[in-house]
Amino acid sequence: MTEQTQNTETQAIGTTQPAPVTTATPAQVAAIQSAQSNLPTTGNTVPAPEPVQIDRLGHNETFTFTDKNGFNWDYELQFPGVRKAYEILDNARMANGVLSNSLLYDGYCENVIVKPAGLTLDDFDNRPGLDEVMEAVDTFCGKRLS
């Protein structure tokens, strides 16, 4: 077998040589990029992501507590803003790290419950539903913070 025949048989079996590497000039790269940008699209383009819009302050929420006689006690809740919400939590934390319910609930009454206006923690001496109202306020603020 001749050397030329061996090379032909080797190439036919599939042992091909890698293509030589060529370097494009900056002008050639620019021409290729320009040509690619002018190609028609197939409609499979992915739109660029847009930032998530958050409206924490936009909507008040009404919580209604129904007492055992069927009377409805309505409370309107308004989110005080991220900074104020965290200040309420920070100010309610005692030196040992535990939350003080009285301080937390005072902050909720002053800054989150807007109707009835001027509601204080002491008003719940003559009003039912303290735990349910404060749980609703806490859930309301928690949803807005997350």
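Buried, here, means under 20% relative accessible area. With that in hand, welcome to a predicted model whose protein chain comes to five helices and three strands. Along the sequence, the pattern reads α-α-β-β-α-α-β-α. Of the 146 residues in the protein chain, 21% count as buried. Among its contacts with a separation of 6 or more, 53% are between residues 24 or more positions apart.

**Helix H4**

- In H4, the buried residues are Leu-104, Tyr-105, Gly-107, Tyr-108 and Cys-109.
- The cover over the buried residues of H4 includes H3, E3 and H5.

**Helix H5**

- Helix H5 covers residues 130-145, and its 16 residues should span 22 Å at 1.5 Å a residue; the end C-alpha atoms are 22 Å apart, which agrees.
- Buried in H5 are Val-133, Met-134, Ala-136, Val-137, Phe-140, Cys-141 and Arg-144.
- Asp-131 and Lys-143 are exposed, on the face of H5 turned away from its buried side.
- Over the buried residues of H5 lie, among others, E1, E2, helix H4 (101-111) and E3.

**The strands**

- Strand E1 (residues 61-66) pairs with strand E2 (residues 72-77) in the antiparallel sense, over six bridges.
- Within that pairing, Phe-65 has Trp-73 in E2 as its bridge partner.
- Five residues lie between the strands in the hairpin of E1 and E2, where Gly-70 takes a positive phi near 90°.
- E2 also pairs with strand E3 (residues 113-115), again in the antiparallel sense, this time over two bridges.
- Opposite Glu-76 stands Lys-115 in E3.

**The nonpolar core**

- As general background, nonpolar side chains in soluble globular proteins tend to be buried together.
- In this model, the largest nonpolar core has 22 residues, and those with the most contacts inside it are Tyr-75, Tyr-108, Val-112, Ile-113 and Val-137.
- At least two residues of this core come from each of E2, helix H3 (82-92), H4 and H5.
- Ile-113, one of the residues with the most contacts in the core, touches Tyr-75, Glu-76, Leu-77, Tyr-108, Leu-119, Val-133, Met-134 and Val-137, leaving out residues up to four places away in sequence.

**A closer look at Tyr-75**

- Tyr-75 lies in strand E2, and counts as buried because its relative accessibility is 1%.
- Setting aside neighbours within four places in sequence, Tyr-75 is in contact with Glu-61, Thr-62, Phe-63, Phe-65, Ile-113, Lys-115, Pro-116, Leu-119, Phe-124, Arg-127, Pro-128 and Val-133.
- The C-alpha atoms of Tyr-75 and Val-114 are separated by 7.5 Å, though the two residues are 39 residues apart along the chain.

**Aromatic pairs**

- A pair of aromatic rings is described by the distance of the centres and the angle of the planes.
- The count of aromatic pairs in this model comes to two.
- Phe-71 and Trp-73 form an edge-to-face pair, because their ring centres are 5.2 Å apart and their planes stand at 80°, where over 60 degrees counts as edge-to-face.
- Phe-71 is partly exposed, with a relative accessible area of 48%, whereas Trp-73 counts as buried at 19% relative accessibility.
- Tyr-75 and Phe-124 form a stacked pair, because their ring centres are 6.2 Å apart and their planes lie at 20°.
- This pair links distant parts of the chain, 49 residues apart, with Tyr-75 in strand E2 and Phe-124 in the loop between E3 and H5.
- Both Tyr-75 and Phe-124 are buried.

**A cis peptide bond**

- Lys-115 and Pro-116 are joined by a cis peptide bond, with omega about 5°.
- Pro-116 is found in the loop between E3 and H5, and is one of the residues in contact with Tyr-75.

Key: Residues numbered from 1 in each chain as written. Predicted model: local features only at pLDDT ≥ 70, side-chain atom pairs only at ≥ 80, totals over all residues. Heavy atoms only, no water. Pairing = 2+ DSSP bridges. Helix = DSSP H or I, 4+ residues; strand = E, 2+ residues; numbered from the N terminus. Expected span 1.5 Å × (residues − 1). Buried < 20%, exposed > 50% of the residue type's maximum accessible area, 1.4 Å probe, protein only. Contact = heavy atoms within 4.5 Å. Core = buried A, V, L, I, M, F, W, Y, C linked by side-chain atoms within 4.5 Å. Phe/Tyr/Trp six-rings, centres within 6.5 Å; stacked < 30°, edge-to-face > 60°.
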